[in-house]
Amino acid sequence: MRVDVVTVFPEYLAPLGLSLLGRAQRLGLLAVHVHDLRGWTDDRHRTVDDTPAGGGAGMVMLPEPWGRALDAVRRGEGPDGRVGDLPAPRGAGDADLPVLLVPSPSGRPLTQALAHELAAEPRLVLACGRYEGIDERVVEDAARSYRVLPFSLGDYVLNGGEVAALALVEAVGRLLPGVVGNPASLAEESHEQGLLEHPVYTRPATWRGLEVPAVLSSGHHGEVSRWRREQGLRRTARRRPDLLAALHAQHPEALGASDLDVLADEGWTPPG
Ligand code: 6GU
């Protein structure tokens, strides 16, 4: 997968070179290209923003640098020409357009399901805005050559899209084949089955007077699995009952009779 990020703070994306994603890049599983938006300005001050039309607080990002940046990145170029290889086109039609991800508190919530959808794409482009946002015509124009997807990390406000870009590239990148060493560990995580994951423990068996639950040392795989399922259900009922309602609405068969007993014990019963 190729990922291009356009930002006025390229240094913000440096952590993508660390840890698992750094290894994925060295292995050629992922190519990340970070571009400075100011490379596409043409004035002495390298201006990227101006006052909002209609008045109001803050500044809005100018369309001209963004238009040039997104045209160039679409062609696999940075401010100074060609960078890296473009992935081979997959077929024809709109599905072949690269996805343009625009971090915004008014975007579609980033979920594990969306991360999986994006992990199937050969190419992602991230347009990180700052200040009050990017002139809306940039997104309108970009829709002619990209599949535009505004996304949000949650219902709170960040100063710019860079932290969201880091989160998105990590959530998507770790789903690419070969990036996480043991793929089995992916399937068991929170949000993969529509539930939160059970708690985990390691040595020592007693620490500051606190014990690892005895069942985990029993050696009975069946009992361990049952206990983990129950703990995941209890945790979800306590912390995220909204997830249970969504799971029950979309996959009623996913919650069996013993699951519903556990949930009833937590005070959760299916709606209706
Ligand atoms: Cl994706 N961007 C910004 N600027 N703020 C956010 C966000 C994204 N998600 C939540 N708040």
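Student: Which residues are buried in helix α9 (residues 257–265)?

Tutor: Good place to start! In this predicted model, the buried residues of α9 are D259, V262 and L263.

Student: What covers the buried residues of α9?

Tutor: The cover includes two helices, α7 (221–239) and α8 (241–250).

Student: And which exposed residues does the face turned away from the buried side carry?

Tutor: That face of α9 carries A257, S258, D261 and D265. Look just after the helix too: G267 has a positive phi of about 85°.

Student: Now the sheet, please. How do I read its strand order?

Tutor: In general, strands of a sheet pair through backbone hydrogen bonds, either parallel or antiparallel. Here, 5 strands make an open sheet with parallel pairing, in the order β2-β1-β8-β7-β9. At its edges are β2 (31–36) and β9 (147–152), each with a single partner strand, so one side of each has no neighbour in the sheet. On average, neighbouring strands are turned by 30° against each other, direction ignored.

Student: How many bridges join β7 to β8?

Tutor: There are 3, between β7 (residues 99–109) and β8 (residues 123–127). For example, L100 has V125 in β8 as its bridge partner.

Student: Which strands does helix α5 lie across?

Tutor: Helix α5 (residues 162–173) lies across β1 (2–7), β7, β8 and β9, and runs at about 165° to β8.

Key. Residues numbered from 1 in each chain as written. Predicted model: local features only at pLDDT ≥ 70, side-chain atom pairs only at ≥ 80, totals over all residues. Heavy atoms only, no water. Pairing = 2+ DSSP bridges. Helix = DSSP H or I, 4+ residues; strand = E, 2+ residues; numbered from the N terminus. Axes fitted to C-alpha atoms, helices over the stretch in contact; angles between N-to-C directions. Contact = heavy atoms within 4.5 Å. Buried < 20%, exposed > 50% of the residue type's maximum accessible area, 1.4 Å probe, protein only.
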